[in-house]
Amino acid sequence: MAKIIINQDKCKGCFLCVNFCPKGLIKKSVKLNKQGLNFVEFSPKAGDSTDCIGCMQCAVICPDCCSEVYK
Amino acid sequence: MEKIFKRCQSLYDVPTHYCPGCGHGIAHRLVAEVVDELDIREKTIGIAPVGCAVVAYDYWNFDCSEAAHGRALAVATAIKRVHPQNVVFTYQGDGDLAAIGTNETIHAANRGENLSVVFINNAVYGMTGGQLAPTTLLGQKTSTSIEGREKKAHGYPLKISEMLALLPGVCYIERVSLQSPPEVLKAKRAIKQAFENQINNLGFSLVEILSPCPTYWGLSPKESLDWIRDVMQKEFPLGRIK
Ligand SMILES: Cc1ncc(C[n+]2csc(CCOP(=O)(O)OP(=O)(O)O)c2C)c(N)n1
Ligand code: SF4
Ligand SMILES: [Mg+2]
């Protein structure tokens, strides 16, 4: 059981985490954040967070230190 | 559930001015994590460069100084000699360290100053508009080499790390990359080694980090990482140089 919490207002929408999440659990937003940018959203299937394996790849590659990982 | 990844103490919780996907943000975090892990936040002094990282001191939660363009290692030399008990490092771009500051870089290394250097090679001058840097690859288009770098006009990509490795005062040089999460973790280990060498009084250590500048490479952030892997690492091979 693991999950991430993304600071959406700090996200600059580089989408590197979207590319590196091995489970494809991070998606681009349709909405814009405070900076006027598309951000990323943690989207585990049907609201359960069990598919996240807590590998931290999203956090390690994030240039803006936007995600916290829980396991 | 336990929090297994969080912002470290040595990095302020503020937004940075870097472009989306810029490697400077990753490299700043790695330095901050190393400072936390070595428990040296109270005695670390960083020297920020002139370049896109010019206000790095606003992002790091430890003492910092600023140097004129290229002069970070001269400033670091003075600070370290006056405060030998402190851990002193410079953070410099390729224009800073390998163009305008080549002189300071070579002589600080040759004197074997007990310092750690974090060298951000993004193959361009980012701050001033993406001009050709000494490290620009042959064929790479920049705002001052619009047809691509051409050896007759611009010379070859400068391998400053390999050149510095020849100097007896240098104890450690490694080239790493921010191309993928595993490579980012290797980059952090190299930065930690460079700091530990200084703590153990071993002399001059430098980590060259191949770092994306999506803005002036004209690529998306992910394409920039792929370009590092497929193109840049061929010219600048990764690994321990000394
Ligand atoms: C003495 C001096 N000369 C020139 C400049 C203009 N200048 C500012 S940053 C820079 C190059 C920055 O490139 P680099 O060191 O590679 O850093 P990056 O922005 O790519 O991280 C130049 C030439 C300056 N600020 N001071
Ligand atoms: S210009 Fe390049 S190096 Fe500078 S902040 Fe933007 S991406 Fe980073
Ligand atoms: Mg540069």
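Figure 1. A backbone N or O atom of Gly95(B) is 2.8 Å from an oxygen atom of ligand 1. For Cys52(B), a polar backbone atom sits 2.8 Å from an oxygen atom of the ligand. A polar contact is a pair of N or O atoms within 3.5 Å; within protein, one must be able to donate a hydrogen and the other to accept it, and residues adjacent in sequence count only if both atoms are side-chain atoms. How much of ligand 1 does the protein cover? On its own, ligand 1 has 600 Å² of accessible area, and the protein covers 72% of that. Accessible areas come from the Shrake-Rupley method with a 1.4 Å probe; for residues, only the protein chains shown count as cover.

**Figure 2. The shell around ligand 1.** The shell holds 16 residues. His24(B), Cys52(B), Asp94(B), Gly95(B) and Asp96(B) come nearest. A residue is near a molecule if one of its heavy atoms lies within 4 Å of it. Six shell residues are nonpolar, eight polar and two charged. Here Ala, Val, Leu, Ile, Met, Phe, Trp, Tyr, Cys and Pro count as nonpolar, Asp, Glu, Lys and Arg as charged, and the others, Gly among them, as polar. Helix H3 (94-100) and strand S6 (124-125) of chain B each supply at least two shell residues. H3(B) gives the most, with four. Helices (H or I, at least four residues) and strands (E, at least two) are DSSP runs, numbered from the N terminus.

**Figure 3. The surroundings of ligand 2.** Chain B residues surround ligand 2, including Tyr18(B), Cys19(B), Cys22(B), Cys213(B) and Tyr216(B). Which helix gives the most to this shell? Helix H8 (residues 214-217) of chain B does, with three residues. By class, the shell has seven nonpolar, four polar and no charged residues.

**Figure 4. The fold of chain A.** Chain A has two helices and four strands. From the N terminus on, its elements run β-α-β-β-α-β. Its C-alpha trace spans about 30 × 25 × 20 Å along its principal axes.

**Figure 5. The extent of chain B.** Nine helices and ten strands make up the elements listed for chain B. Along its principal axes, the C-alpha trace spans about 50 × 50 × 30 Å.

**Notes.** Residues are numbered from 1 along each chain as its sequence is written, with chains lettered from A and ligands numbered from 1 in the order in which they are written. In this predicted model, local features need pLDDT of at least 70, side-chain atom pairs count only at pLDDT 80 or more, and totals for chains, interfaces and linings use all residues, while side-chain values use heavy atoms, with hydrogens and water left out.
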